[in-house]
Amino acid sequence: MTLTLPADHVDKLVGGVAAADESIRASLPSQLEYSGLQVSAGGALSATLTMRFTSPADYVVKARALLALDSDFVTPPTFTVSDSTLVRGVVINESYTSASLLQWLFAALKKDGVLGGSTSTTNAYEVGSTELRYGQAVIPQTGGAIRADLVDNAGFAAVSMSTDVSEADIVRRTITYVAAPGSDTARYEQFFTTATPEGAGLQRNGLQWVMTFTGTAKQVATATDTALGSSGTVLEVGRAQNKATLTLTVRDTASCASVCARSASPLTDELRAPSQFSTAPLTIDTAGTDPIALEFVPEFDAIAQQLDIGLFGTTTATTKFTVSTSTAELLGNGFEQLLAPPDGVGALSKSVEGDATSFTVTIAASASEFDRAYSSWASAGGLRTEDLPGSTVLGATTTYDFESGLQSVIGAHGVTLTMPTAVSLPLGKWVSAGSTDAASPGGRVSFQSQGLTAVGLITVAVSALLLATATYLFVRVAGRRASRSRQPLTASPVSRGPVGSLLLGGDFPRAQVSVAPTVFDMTVSPKSGSGHGGLLAWTAPVRRPHVAARVLQHATPSTPHQQPSLIPRE
């Protein structure tokens, strides 16, 4: 781009040539080269600025940067150069002139005071001539904008791609080429001799050619450039995991400008992702530059929760999450990261039974601490309790309001089978209103209970124990009395001695028994009626004096002269 200032206008530059040169150098963008101001023999002033580029894409990037310096919106250019067996030529379409690429220069001269007086940036220039040179051809442009379509196009009537990224490290791509009826197929065959990547497969069926190749994403992108006679193909496949969610990102751009006929539809790619992300292929417009993102957010097969309220206030929430074992293995420790309670709050355990893997979260705390502990895990959950008026230290009427808040734990993960959240009460309490079952995980459980407090239950237990003990003692004593009233008492003196009397009391009728100097086994049978007297019999000398000792320790000596009748035994 060359700017020329006539000799009769040079003196209008405030500060002269030196000031203009300094201003241009100070504001020169990195996309341009500037070799300084030149003064011709006639006194005219000229400046040449050059933008070098290595490819059409490089040109578009640099032009965009220069146009961004223009306060007026300007559409970026379209610029392609094709040099393949099938398509040769250049297509360029610009909606701007060189003046748009040099707005920064006029703005700098005005800001630095080089353009003095009433001279503005808009009347500081006029558009001169513009030309396009391609090969040996020189094509003059009118109006200052470059527009040209110099292409010899014998491209395919249709080109499409199919890419499989279902495996972690391997990408499989298929490109299908279709020629129009009556086309010169020999020219296409010649094209494939240089356009088939190393290791690729190629099959022809009439006017259709199918090419396949495999490799890493980068290798496939390079092979695609070869197959399409292009440059700049992009294929990037990224996998990321956040707890129990997998994300697949694919950036897929390509161009068939070098092999497609003008009438061909835009190039698309049918993307096949892992089945967890999508069960159907996705059609991607390869002209786009933004990546697509697919997420795998697995569902839980089932969630069940139990809330146990203890007698002494300890409350325990046990929540069981079940997923398929194959899904758990795919996500590694993702579910543990998703479900684990904060440190010091609870515990997480894992169990595997066939194709079912369960993760159980247990949170236990005192009545005063449970709400805080539980909500630190499930932010939308918690337990609120209140003793109603009339409650005492022995008995209470209490309202319970439990919100499991499990959705705040599982996030976007769904649930195939929802089980009720159940609540169990301690011994001595019962539900007097509401229900202890929630409709589903995350559902609210509200109810009212009545019953004994821990102190009340202990009081009742102690009272019951005392009553049971008293009853037991009463029954035992009564039983012993009844037993003694039915069975004879065997008594023997401890040793030989003078005649004496023994008074047998206790549970038996009173009876005076005389004991002769000879030791006998004596049996006293209680006599019914007045409770006095009895029947005495003897059998043989005593051989077990310890038995007599146990009996006699309950006997009391009486008058030694009373003698009951002695009746021999038959």
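Is cysteine 260 buried or exposed, and what is its relative accessibility? In this predicted model, cysteine 260 has a relative accessibility of 6% and therefore counts as buried, since the term applies under 20% relative accessible area.

## Arginine 173

Arginine 173 belongs to strand E10, which covers residues 171-178, and with a relative accessibility of 1% this arginine counts as buried. Its side chain takes part in a polar contact of 2.9 Å with the side chain of threonine 224, and in another polar contact, of 3.2 Å, with the side chain of aspartate 252.

Leaving aside residues up to four places away in sequence, arginine 173 touches a set of residues that includes Met161, Met211, Phe213, Val220 and Leu235, together with Ser162, Thr163, Thr212 and Thr233, and also Asp269. Thr224 and Asp252, the partners in the polar contacts, are among the residues touched as well.

## A nonpolar surface patch

On the surface, Val81, Tyr134 and Leu150 form a nonpolar patch whose accessible area comes to about 220 Å² together. Of these residues, valine 81 is placed in strand E4, residues 78-83, and its relative accessibility of 42% makes valine 81 partly exposed.

Methods:
Residues numbered from 1 in each chain as written. Predicted model: local features only at pLDDT ≥ 70, side-chain atom pairs only at ≥ 80, totals over all residues. Heavy atoms only, no water. Patch = residues over 30% accessible without salt bridge, like charges linked within 9 Å, V, L, I, M, F, W, Y side chains within 5 Å. Areas by Shrake-Rupley, 256 points an atom, 1.4 Å probe, with all protein chains shown as cover. Salt bridge = Lys/Arg side-chain N within 4 Å of Asp/Glu carboxyl O. Helix = DSSP H or I, 4+ residues; strand = E, 2+ residues; numbered from the N terminus. Buried < 20%, exposed > 50% of the residue type's maximum accessible area, 1.4 Å probe, protein only. Polar contact = N/O pair within 3.5 Å; in protein donor to acceptor, adjacent residues only side chain to side chain. Contact = heavy atoms within 4.5 Å.
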